[in-house]
2 protein chains.
Amino acid sequence: MSVTIKDVAKMANVSVATVSRVLNKKSNVSDEAIKAVNDAVESLGYSPNFLGRDLRKSETRRILAIIASTEQSFYSDVIRGMEAAAYAQGYDVLIATTQNDPNHEMHLLGMLFSRAVDGAVLLGPKLDANTINALGEKHNIAMCLERLDNCNVLTVTIDNVKAGRDAVNYLIRKGHKKIGLITTLQRSQSSIDREIGYKLALKDNDIPYNEEYVYFGSYETEQGMTGCEYLMNLPSPPTAIFAISDMIAIGAMNYALSKGYRIGKDLMFMGFDNIAYSHMFVPHLSTVEQPCYAQGKLVIEKLIENMKADTPDHNLYTLSHSLVLRDSTGD
Amino acid sequence: MSVTIKDVAKMANVSVATVSRVLNKKSNVSDEAIKAVNDAVESLGYSPNFLGRDLRKSETRRILAIIASTEQSFYSDVIRGMEAAAYAQGYDVLIATTQNDPNHEMHLLGMLFSRAVDGAVLLGPKLDANTINALGEKHNIAMCLERLDNCNVLTVTIDNVKAGRDAVNYLIRKGHKKIGLITTLQRSQSSIDREIGYKLALKDNDIPYNEEYVYFGSYETEQGMTGCEYLMNLPSPPTAIFAISDMIAIGAMNYALSKGYRIGKDLMFMGFDNIAYSHMFVPHLSTVEQPCYAQGKLVIEKLIENMKADTPDHNLYTLSHSLVLRDSTGD
DNA sequence: CTATATTATGAAAACCTTTTCAATGTGACA
DNA sequence: TGTCACATTGAAAAGGTTTTCATAATATAG
């Protein structure tokens, strides 16, 4: 039905082996043969069947990036970094989404077990550390952006404890003592770590931890509003708020704005991620920036190294973050 | 090296054919054989090699979605729709990004020609209509969100001309006669169509078209600011502005806000896409909403139909949009 | 001019499945 | 008892490529 290497061989009057050699730019093939093959390929409109090729070579040169959804736009820089690193070595990056379903995440990893891809990168997995450890023993897996406790799989991330600590320390340095935290109920390790950082910063400055100042919501902006409403209705409301994501912070600021608080004066906000909207929203949001592109690039480089290595690298790499200071902290 | 169907067969004391039958849940296999095979699969940790399977069956049950980047978060609903439709029929959806490079788009389509996937959906292609037409003759291609003039490939989109016309007619009905348009220099068909709709709405109401009122920028929010600045510095500035995307509209509002315009009163804004931030930003943005999920779902359903059909459907399907009215139009 | 590298080539094996085809065994039925 | 249908099974082919191995042809060295 469809045109195969045999058809090309026949038309070019050579063997399939020769066609294969030309296609793969091997040495030891005459100029005439090269021309004959290329002409035949052209006139037949042939393109090689990757299933055959990949089966024979038992490699696909494809890497799967598994992500909850494409909604969080800050993933896009991570992916750009991943692709840059991959293309540089002749790999393609494919993205698949789990919609936060661990079963679906496992299903997608099936592509790895079944050799439909050579490796996989998990960006914020929903599976637990034990499961991932077990899979990491036998397959080329890496994690990016999000680490997992007790997980010895190659991981590239930032130090979220330190990042949270730096963010809150900055607010304290600005003169605040009553600092609210809006975080998520659904615990990713990064949000746990940022919360730990929040507590450490308080301790650094001998400010007692007050659990009333912590609101647990979800990642949606609406929850930022609700969280801010809760905090500001406390008997002694906070004067600064750290939100573990910009989405949440924007929601929170939105509420504060509607109630007439003067942001950056009466009330300061610090977000996390430095998404594009964080400096479009008025007032501009101060935030913690993490090196998305660099993390994506590094995780792919390390993963490809691992695919070639006999003893894979299962280390944790942490890149450094930085504070971006804008209106919402009065800067 | 890695465990194959042969190893399973050996351990289960059956032929590979029987193993295959068990794995594919075929009839005509004894209960003992089923048990023996399943036990062997379990204890060996076997998972079938998809390359072998796909080659034999010459189908992969995978569909590639080709997208410029994952930055525009409103793609995420389209993808959700695509996945829902795909999974319902046992297909997986893989996403790959072109970063706006037509060469890279062609490279990714190579996965289709080379049978690494069964079909492809283009969301806003950078290739021209002729090229896509040619490819569509031989392969299972569809387009979504974005149509192309003179392109007879299966397409699912909305009527962007009518959408632009409806948006601007609404502003006119609100009493405006001087209406600015912020669009993009880089012409996607949807932005061209929305501009056509803008002009038609003016004509509907006997308002002369004034090219001074049209600003050509890019998709970035910053360009929305610049565009708004340009428009408001005209000798006779517009009293309402239609932006062809919410990102641009938010940038434009941002500028207007900083200059003290009272949005929804002195100056009205209408965006496009109804992204999540459009109702987080204060004031809330009025916008045109397109059915993202439904478009994604439909395009996959039609594409899968085409893969089975002998005479493929190359029609254009248009779903309906709606106006979402909020603060920025004084609603 | 012979002996030996070197280059160019093709036949066939290998990669791992699924599926076809033929064979075996079982039970029913006359 | 003999025939037939049916369920279960395995050997082998098929799918499209790459790669190994052997061979033939040519070039190089002595």
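Does A:Ser188 count as buried or exposed, and at what relative accessibility? At 16% relative accessibility, A:Ser188 counts as buried, a class that means under 20% relative accessible area, against over 50% for exposed and partly exposed in between (1.4 Å probe, protein chains only).

This is a predicted model, in which local features need pLDDT of at least 70, side-chain atom pairs count only at pLDDT 80 or more, and totals for chains, interfaces and linings use all residues. Residues are numbered from 1 along each chain as its sequence is written, chains are lettered from A and ligands numbered from 1 in the order in which they are written, and side-chain values use heavy atoms, with hydrogens and water left out.

A:Ser188 sits in the loop that links β6 (179-184) and α9 (189-204) of chain A. Helices (H or I, at least four residues) and strands (E, at least two) are DSSP runs, numbered from the N terminus. Apart from neighbours within four places in sequence, A:Ser188 is in contact with A:Glu146 and A:Tyr219, where contact means heavy atoms within 4.5 Å.

Helix α7 (residues 129-138) of chain A has A:Ala129, A:Ile132, A:Asn133, A:Leu135 and A:Gly136 as buried residues. The buried residues of α7(A) pack against α6 (102-113), β3 (119-123) and β4 (141-144) of chain A.

**DNA strand C**

Around DNA strand C there are 25 residues, of which A:Thr18, B:Ile5, B:Ser20, B:Tyr46 and B:Arg56 come nearest. Sugar and phosphate make up 62% of the atoms of DNA strand C that come within 4 Å of the protein. A residue is near a strand if one of its heavy atoms lies within 4 Å of it. The surface near DNA strand C receives at least two residues from each of α2 (16-23) and α4 (50-57) of chain A and α2 (16-23) and α4 (50-57) of chain B; α4(B) gives the most, with four residues.

**DNA strand D**

For DNA strand D, sugar and phosphate account for 58% of the atoms that come within 4 Å of the protein. The largest share of the surface near DNA strand D, five residues, comes from α4(A).

**Polar contacts and residue classes**

The table lists polar contacts, pairs of N or O atoms within 3.5 Å; within protein, one must be able to donate a hydrogen and the other to accept it, and residues adjacent in sequence count only if both atoms are side-chain atoms.

| Residue and part | DNA atom | Distance |
|---|---|---|
| A:Thr18, side chain | phosphate oxygen, DNA strand C | 2.7 Å |
| A:Ser30, backbone | phosphate oxygen, DNA strand C | 2.9 Å |
| B:Ile5, backbone | phosphate oxygen, DNA strand C | 2.7 Å |
| A:Arg56, side chain | base oxygen, DNA strand D | 2.6 Å |
| B:Thr18, side chain | phosphate oxygen, DNA strand D | 2.7 Å |
| B:Ser30, side chain | phosphate oxygen, DNA strand D | 2.9 Å |

By class, the surface near DNA strand C has nine nonpolar, nine polar and seven charged residues, and that near DNA strand D has 10 nonpolar, 10 polar and seven charged residues. Ala, Val, Leu, Ile, Met, Phe, Trp, Tyr, Cys and Pro count as nonpolar, Asp, Glu, Lys and Arg as charged, and the others, Gly among them, as polar.
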